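Please look over the sequence and the model first.

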Amino acid sequence: MPRRAENTNWAAAVDSIVGRAPRSASEQDPLRAQVRLLALLRSPAPLNVLLDGLVSYVETWTEGLHCTVLLVDPTGRLLRPGAAPTLPDAYTHAIDPVPIGIGEGSCGTAAARREMVVVEDVEQSDLWTKYAPIALSYGLRACWSVPIVDDVGALLGTLALYYRERRAPSAQEIDLIQFASSLAAFVIQRHRDAERLRTSEARLEAAVWGTEVGLWEMTASGEFHWFDNWCERCDIDPCIGDNALARWRELIHPDDLERYIASDEDCRRGAADHYAVEYQIRTQSGHWRWLHERGKVTARADDGTPRLFVGVCIDIDAHKQTESAMRKAKDPYEFAISATRLPVWKYDVASDTVTGSVYWHAALGYDVAEKGATRRVETWLRDIHPDDIAHYSRAFAGDVADSTGFFQCEFRIRTATGEYKWLLDRGRVVERGADGAALKIVAISLDIDVRKRMETALRESEERFRGAFEFAAIGMALVAPDGRWMRVNRALCGIVGYTAEELLATTFQAITHPDDLDADLEHMRQMLDGSQSHYHMEKRYFHKDGHIVWILLSVSLVRDDAGQPMYFVSQIQDITARKHAESQLVDSEFRYRTIANLVPGFVFEGVVRDGHPQPTWVSSGFERVYGCNLDHFIELGAESFYDAATRARILAGASTVAQGSDLNIDVSLWSIDGVQRWLRVVARGVRTGPGAEVDRVLGVAEDITQQKRLEWAVGEATYQEQQRLGKEIHDGLSQELMGVALLARGLAASARKGHPPKADELDRLSALASGTISTCHGIAQGLSPLSEAHGGLVQAVHDMVDRQYNSSGPAVRFDAIEDAPIRLQWPSTEHVFRIAQEGLTNALKHAGAQSINVTLDLQPDTVRLEISDDGVGLSPHAAESAGLGLKIMRYRAAMIDAHLSIGPGENGGTLLVCECRQPA
């Protein structure tokens with residue numbers, strides 16, 4: 001088929017079409033994006049530009065959407081970037097390339113499974129373990145991917161939708177991403193087919209050009225279509241337009257017209273399908289040119305008349321002129337000159353005149369007929385470039401020409417247009433004077449102007465390349481196919497620490513990290529076998545001093561005219577600092593996430609909108625506190641978790657954070673399962689720069705529920721102790737004092753009657769008073785068991801053990817090991833005593849023991865309390881499901897930084913150990 005006009009300035013054409021589309025008030029303009037995509041599809045735009053238009057169109061479908069396309073590389077094992085206009089380039093480079101396989105993110109997995117993969121939360125997905133830190137560092141939370149396949153089911157790539165919040169697709173969004181995948185497959189296949197068509201046409205054009213053949217087709221109405229610009233090259237009017245065949249016949253030589261018309265009559269009558277004819281045609285400059293034409297009928301109407309001719313026109317003018325020259329030539333020499341079109345000339349040195357063949361004159365740009373060429377005489381030295389006259393004249397001298405007078409010389413000569421061109425003269429001095437000077441010279445001139453200009457351009461290009469190569473800001477090298485360094489620049493030497501001489505004596509394999517070498521060699525192999533035109537990769541070199549240098553390597557291959565590999569051109573950029581920063585960022589993000597998930601509560605982030613912080617991310621502890629995720633919390637509203645007073649305090653505190661103040665409050669809440677919890681919230685506003693408004697909020701919500709409950713339990717225990725002491729005073733001490741008072745009153749009454757008190761009555765009064773004193777002592781010791789007056793901690797524990805003696809109960813024994821004085825101060829001694837009191841009470845009530853041992857061991861560095869029994873012991877999960885008493889003991893131990901352990905004893909039963917450090 002004839003080649004049609006193609007708009008090579010496709011970018012301007014697309015911009016013109018899009019510019020005429022109506023504008024939308026929205027930032028996202030689906031109509032203009034759709035118009036741009038349609039315009040690109042009509043253009044010969046590159047595939048990456050087509051995919052960019054498609055992705056931009058998809059991103060207008062919904063807010064907050066980032067669309068990407070990855071393409072299968074020639075190996076079929078990797079996915080490479082195709083288009084990602086709104087994602088950071090750094091993210092695209094960080095994940096490139098993506099292997100096709102399960103667990104390689106959404107896209108690698110979708111390509112491997114050949115099905116849609118939806119990841120609602122990349123942080124929690126097993127498929128994103130490798131890429132989650134990178135995605136999260138750029139704020140990407142969810143990714144849905146679908147494979148792109150062609151009409152026969154072959155994998156072309158993947159299309160993915162990214163979101164900055166965790167989310168799952170709706171049914172409509174699933175349909176949309178499937179539609180986008182089909183649209184991407186159409187775009188890729190259409191571009192692939194168009195490329196194949198252009199390649200095929202280019203091959204045909206090259207083949208036709210090489211044979212100097214003009215390919216045409218002609219309709220029944222006589223309309224011509226030419227395949228290329230053959231008519232222009234041959235200086236012939238192509239006769240495009242109306243009455244094309246009639247106009248073409250008007251150009252044919254009258255002697256050949258009748259034969260030309262008769263040549264295709266058999267085809268038109270249906271007697272034959274092809275014809276051939278030779279004829280002369282008038283060129284646009286007025287000369288006659290011989291053509292050989294062959295035509296064939298490729299389609300006929302129902303009545304047999306031709307509908308379409310296809311044929312070729314071949315320029316045979318040189319062949320015809322050679323035939324004519326052979327007929328006219330009188331001797332082989334003249335014929336050889338004419339047949340080979342040699343620019344032959346003769347020079348008379350004395351008169352400085354030259355005569356030459358028509359071809360010599362033509363070489364200088366003069367249009368001279370054959371007969372006129374022999375009569376045209378020109379001066380010689382006048383036209384030679386002034387800088388070359390002396391050099392050319394010396395070529396005739398005896399010391400330059402050989403013994404037979406042959407010589408050759410390169411020089412510049414002025415042409416008919418006034419410009420100079422390079423010629424190579426090869427000739428012989430055919431006549432010399434008595435003094436040996438050349439008198440007459442015969443020679444041929446070879447046109448070397450193109451070669452000399454190419455040499456000059458090559459020399460200038462080499463100089464430019466050398467300057468750009470040597471002084472480039474990045475490392476550059478020429479590398480042999482076997483890996484030897486052929487040429488290196490200063491920047492590369494600076495990157496790896498070697499001198500140029502040291503590098504040229506080794507190979508790139510010798511300084512490449514072994515973990516990167518196989519991938520690099522595979523890329524080279526693919527370039528050598530032609531399956532890959534270039535490649536980019538990040539790899540590691542060993543610096544001369546031994547440390548690792550990260551580089552970004554870009555490589556292309558240079559081949560010779562025969563297509564054989566000559567050398568690789570490598571560009572090397574030092575990205576060590578960037579890789580270090582990326583590693584630090586990933587490590588920092590990992591540490592931050594890990595610590596955030598270990599916090600007893602949760603960590604949160606937010607943005608400030610309209611003067612109020614809005615949460616955007618929370619750590620996993622949020623669900624442990626509230627019983628739901630952040631999205632569900634926002635959906636239910638704050639009133640589902642806080643009472644009105646708490647909501648008011650939170651709003652007031654949030655406003656102060658938005659204004660730049662720190663927040664530190666305790667709040668009470670009800671989780672989704674109805675359990676009351678307490679949080680201690682600490683938050684701070686963050687500014688993006690000096691003088692900027694607060695636009696982000698960072699904070700920690702510490703779960704203090706256990707602390708609040710223990711504080712309540714301790715308060716409740718204190719209240720119960722007070723109640724017990726009040727009852728003991730009322731029921732015990734008061735009754736005893738009343739007994740003393742009654743007995744004393746009776747003795748007093750008897751004394752007033754003159755009866756002196758009897759000894760047994762006074763003994764009884766004394767016993768009642770002693771008992772009352774003992775009761776007061778016990779109550780006082782209960783209120784303050786650790787006072788120095790009562791003997792301190794050791795005596796308090798000893799007295800507590802003694803008070804627990806019961807002849808019908810278990811045997812309770814106390815041991816004190818006092819290797820050092822006790823330096824613990826109140827309230828630490830109070831907490832140790834209360835732990836001992838609670839532990840002994842628990843053993844008496846629940847252990848079912850026969851004996852209980854309480855030991856207080858005082859050492860210079862530690863105070864150690866042990867309570868052991870031979871009872872039933874604790875179940876394996878008893879410590880985890882501890883009652884209030886055990887929780888209070890743990891709370892007290894934490895208050896004094898003591899270590900408390902409760903578990904099975906060595907010989908059965910239960911062992912309680914509380915150990916705390918003595919102050920220095």
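The notes below go from the whole protein to its cores, helices, sheet, hairpins and loops.

This is a predicted model: local features need pLDDT of at least 70, side-chain atom pairs count only at pLDDT 80 or more, and totals for chains, interfaces and linings use all residues. Residues are numbered from 1 along each chain as its sequence is written, and side-chain values use heavy atoms, with hydrogens and water left out.

**Overall**

- The protein has 30 helices and 32 strands; helices (H or I, at least four residues) and strands (E, at least two) are DSSP runs, numbered from the N terminus.
- Of its 920 residues, 39% count as buried; buried means under 20% relative accessible area, exposed over 50%, and partly exposed in between (1.4 Å probe, protein chains only).
- Among contacts (heavy atoms within 4.5 Å) between residues at least 6 apart in sequence, 50% join residues at least 24 apart.

**Nonpolar cores**

- A nonpolar core is a set of buried Ala, Val, Leu, Ile, Met, Phe, Trp, Tyr and Cys residues joined through side-chain atoms within 4.5 Å.
- The largest nonpolar core has 33 residues, and those with the most contacts inside it are Val797, Ile835, Val854, Leu856, Leu865 and Leu900.
- Two or more residues of this core come from each of α28 (792–803), α29 (828–846), β29 (851–858), β30 (862–869), α30 (884–895), β31 (899–904) and β32 (910–917).
- Leaving aside neighbours within four places in sequence, the contacts of Val854 include Val797, Val801, Phe814, Leu840, Leu865 and Ile867.
- A second, separate core has 32 residues, among them Leu37, Ala83, Trp144 and Val187.

**Helix α5**

- Seven of the nine residues of helix α5 (residues 105–113) are buried: Gly105, Ser106, Cys107, Gly108, Thr109, Ala110 and Ala111.
- These buried residues pack against six strands, β1 (66–72), β2 (78–83), β3 (98–99), β4 (117–119), β5 (142–149) and β6 (155–163).
- Arg114 follows α5 and has a positive phi, near 60°.

**Helices α9 and α10**

- Two packed helices are described by the angle between their axes and the distance between the axes.
- For α9 (residues 244–251) and α10 (residues 254–263) the angle is about 145° and the axes are 9 Å apart. Axes are lines fitted to C-alpha atoms, for helices over the stretch in contact, and angles run from 0 to 180 degrees between N-to-C directions.
- Leu245, Trp248 and Arg249 of α9 meet Leu257, Tyr260 and Ile261 of α10.

**The five-stranded open sheet**

- The strand order is β19-β18-β22-β21-β20, with antiparallel pairing; two strands pair if DSSP finds at least two bridges between them.
- β19 (485–488) and β20 (534–542) stand at the edges with a single partner strand each, so one side of each has no neighbour in the sheet.
- From one strand to the next, the twist averages 30°.
- Three bridges join β18 (residues 475–479) to β19, and Leu478 has Arg487 in β19 as its bridge partner.
- Helix α17 (residues 449–470) packs on the sheet, touching β18 and β19, and its direction makes about 85° with that of β19.
- Helix α21 (residues 514–528) lies across β20, β21 (548–559) and β22 (565–574), at about 150° to β20.

- β9 (residues 274–282) and β10 (residues 288–300) run antiparallel and are joined by nine bridges, with Tyr279 partnered by Leu291 in β10.
- Five residues lie between the strands of this hairpin, and Gly286 takes a positive phi near 95°.
- β10 also pairs with β11 (residues 306–315) in the antiparallel sense, over nine bridges, and Arg300 stands opposite Pro306 in β11.
- The hairpin of β10 and β11 has five residues between its strands, and Gly304 in the turn has a positive phi of about 95°.

**Loop residues**

- A cis peptide bond joins Asp96 and Pro97, with omega about -5°; Pro97 is in the loop between α4 (89–95) and β3.
- Asp235, in the loop between α8 (230–233) and α9, has a positive phi near 60° and is partly exposed, with a relative accessible area of 25%.
- Asn243, in the loop between α8 and α9, has a positive phi of about 55° and is exposed, with a relative accessible area of 59%.
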